[in-house]
Amino acid sequence: MLYTELKELIRQKNEEYKAHNDAINNAASENELQELRIRKYQFTKQYAQDMHDYIWEHLTELTPKDCTAFDLIPYSVWSSLSSRYALIVEQIKALHTKGE
């Protein structure tokens with residue numbers, strides 16, 4: 001079961017996400033604010049890609065129960081991943097129903 005490993009990976013990513021939010025909140029100028037928003041956007045896209053990559057690398061090991069860890073991902077990241085996630089969940093379910 002990869003739930004614990006996945007949950008830790010998401011926790012680490014969420015810490016980075018929080019740091020981006022904090023930096024935006026503490027921006028001292030409009031220019032700094034815009035730059036920080038761009039960095040957060042780039043991080044959000046990378047976070048979603050990292051989750052996608054993790055899933056595909058562990059596709060044969062993941063179970064539907066492991067996928068509950070994805071509930072911990074922030075919405076802005078999730079929305080970048082959601083269309084891919086539906087495909088992935090279907091693949092995971094298909095892999096687990098073949099053996100039944």
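Does Phe70, at 2% relative accessibility, count as buried or exposed, and why? Phe70 counts as buried because its relative accessibility is 2%; buried means under 20% relative accessible area, exposed over 50%, and partly exposed in between, with a 1.4 Å probe and protein chains only.

## Basis of the model

This is a predicted model, in which local features need pLDDT of at least 70 and side-chain atom pairs count only at pLDDT 80 or more, while totals for chains, interfaces and linings use all residues. Residues are numbered from 1 along each chain as its sequence is written, and side-chain values use heavy atoms, without hydrogens and water.

## Packing of H1 and H2

Helix H1 spans residues 3-25 and helix H2 residues 30-57. They pack at an angle of about 170°, with their axes 9 Å apart, which makes H1 roughly antiparallel to H2 (over 145 degrees).

The contact (heavy atoms within 4.5 Å) includes Leu6, Leu9, Ile10 and Tyr17 of H1 and Leu33, Leu36, Phe43 and Tyr47 of H2. The contact residues divide into 12 nonpolar, four polar and seven charged.

## Aromatic pairs

The structure holds two aromatic pairs (ring centres within 6.5 Å; planes under 30 degrees apart count as stacked, over 60 as edge-to-face and the rest as tilted). Phe43 and Tyr47 form a tilted pair, because their planes are at 55°, with the ring centres 5.8 Å apart. Phe43 and Tyr47 are four residues apart in helix H2, so about one helical turn separates them. Both are buried.

Phe70 and Trp78 also form a tilted pair, at 6.3 Å centre to centre and 45° between the planes.

Key:
Axes fitted to C-alpha atoms, helices over the stretch in contact; angles between N-to-C directions. Helix = DSSP H or I, 4+ residues; strand = E, 2+ residues; numbered from the N terminus. Parallel < 35°, antiparallel > 145°, perpendicular 65-115°, else oblique. Nonpolar A, V, L, I, M, F, W, Y, C, P; charged D, E, K, R; others polar. Phe/Tyr/Trp six-rings, centres within 6.5 Å; stacked < 30°, edge-to-face > 60°.
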